[in-house]
Amino acid sequence: MAEALLRVEALDAAYDAVQVVWGLNLQVQAGTVTSLIGSNGAGKTTTMNVIAGTLPARRGEIIFRGEDITTKPPDLRVGMRLSLIPEQRQLWPRMTVEENLLLGAFPRRLRGKAKENLKNIYEMFPRLGERRKQYAGTLSGGEQQMCAIGRGLMAEPLLLMLDEPSLGLAPMLVDEIFHYVRVIAARGVTILLAAQNANYALQFSDYCYVMESGRIALEGRSEKLRCDHHVRRAYMGAAS
Ligand SMILES: Nc1ncnc2c1ncn2[C@@H]1O[C@H](COP(=O)(O)OP(=O)(O)OP(=O)(O)O)[C@@H](O)[C@H]1O
Ligand SMILES: [Mg+2]
């Protein structure tokens with residue numbers, strides 16, 4: 001098999017003295033959607049933040065595009081085309097949609113392309129175009145998520161990490177956000193998706209890792225895990 005776009009080896013992560021991720025191994029193949037599922041507090045967000053570089057790894061290695069990025073600062077990882085859309089979205093509420101989007105275009109090589117990329121984002125998310133002068137803080141939850149995803153795409157990622165993109169959204173909007181996940185993947189962007197909603201994650205991903213108490217408990221092709229007894233009962237609300 002070809003070298004994975006992202007490879008995480010024996011990763012430990014901790015908040016001060018409290019270790020929450022233990023010996024995690026994970027690979028994301030280029031051109032796929034990979035999901036990371038697990039219940040509350042399993043360690044999904046922690047893992048995503050360590051990969052993005054906003055939380056240091058306690059131990060282990062993160063290899064992206066064949067390069068060891070374990071100690072690289074987050075902005076250099078974005079420059080290498082790895083972007084995270086964080087769980088809390090982290091938009092600037094008193095800046096407009098367009099100003100927020102433009103903040104995503106900070107890597108130097110993109111300065112000349114910001115205008116063109118902005119146009120592409122508005123084509124993909126027409127609602128952001130209609131609201132480009134609106135303060136981000138006044139957008140609906142779904143629109144805020146679109147804005148956060150758009151900002152991530154402005155950095156032209158090869159790997160886009162989405163942490164709970166459907167968090168707090170009404171069912172119809174959840175469908176819409178996952179529709180966009182598919183559109184982005186179809187454009188050739190590799191995706192790593194963390195989600196509590198296993199039904200969606202397994203439906204929209206090729207490969208899945210199941211995290212329990214800071215460890216990978218199970219992994220496999222998503223279509224196979226959809227039929228797995230334990231996964232169905234623990235994460236998909238099946239009665240048996
Ligand atoms: N800033 C922090 N300081 C201390 N402990 C933290 C911090 N953030 C998370 N934790 C703890 O780390 C563990 C893993 O949390 P994490 O947010 O990674 O889980 P998660 O799988 O993303 O959960 P959720 O599905 O609720 O988003 C939890 O026990 C949590 O309480
Ligand atoms: Mg989380």
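**Ligand shell**

I sorted the shell around ligand 1 by class: four residues are nonpolar, seven are polar and two are charged. I kept in mind that this is a predicted model.

Next I asked which residues come nearest to ligand 1. The shell has 13 residues, and Tyr15, Gly41, Lys44, Thr45 and Thr46 come nearest.

Then I looked up the elements behind the shell. Strand 2 (18-28) and helix 1 (44-52) each supply at least two residues of the shell around ligand 1. Helix 1 gives the most, with three residues.

**Domains**

I turned to the division of the protein chain. Domain 1 covers 1-81 + 157-240, and domain 2 covers 90-156. I noted the spacing as well: the C-alpha centres of domain 1 and domain 2 lie 23 Å apart.

How many residues does each domain bring to the contact? I found 13 residues from domain 1 and 10 residues from domain 2.

I followed the side of domain 1 that touches domain 2. Helix 2 (74-79) and helix 7 (171-186) each supply at least two of its residues. Helix 7 gives the most to this side, with five residues. By class, I listed nine nonpolar, two polar and two charged residues on the side of domain 1 that touches domain 2.

**Positive phi**

Asp16 is not a glycine, yet its phi is positive, about 50°. I placed Asp16 in the loop between strand 1 (6-15) and strand 2 (18-28).

Is Asp16 buried or exposed? I counted 5 other C-beta atoms within 10 Å of Asp16. The cut-off for exposed is 12 or fewer, so Asp16 is exposed.

Arg89 has a positive phi of about 70°, and it is not a glycine. I found Arg89 in the loop between strand 6 (82-85) and helix 3 (97-103).

Why does Arg89 count as buried? Arg89 has 21 C-beta neighbours inside 10 Å. Burial needs 20 or more, so Arg89 counts as buried.

I put the two side by side to close the page. Asp16 is exposed, whereas Arg89 is buried. Both entries sit in loops: Asp16 between strand 1 and strand 2, Arg89 between strand 6 and helix 3.

Methods:
Residues numbered from 1 in each chain as written. Chains lettered and ligands numbered in written order. Predicted model: local features only at pLDDT ≥ 70, side-chain atom pairs only at ≥ 80, totals over all residues. Domains from an automatic or database assignment. Contact = placed C-beta atoms within 7 Å. Helix = DSSP H or I, 4+ residues; strand = E, 2+ residues; numbered from the N terminus. Nonpolar A, V, L, I, M, F, W, Y, C, P; charged D, E, K, R; others polar. Near = placed C-beta within 6 Å.
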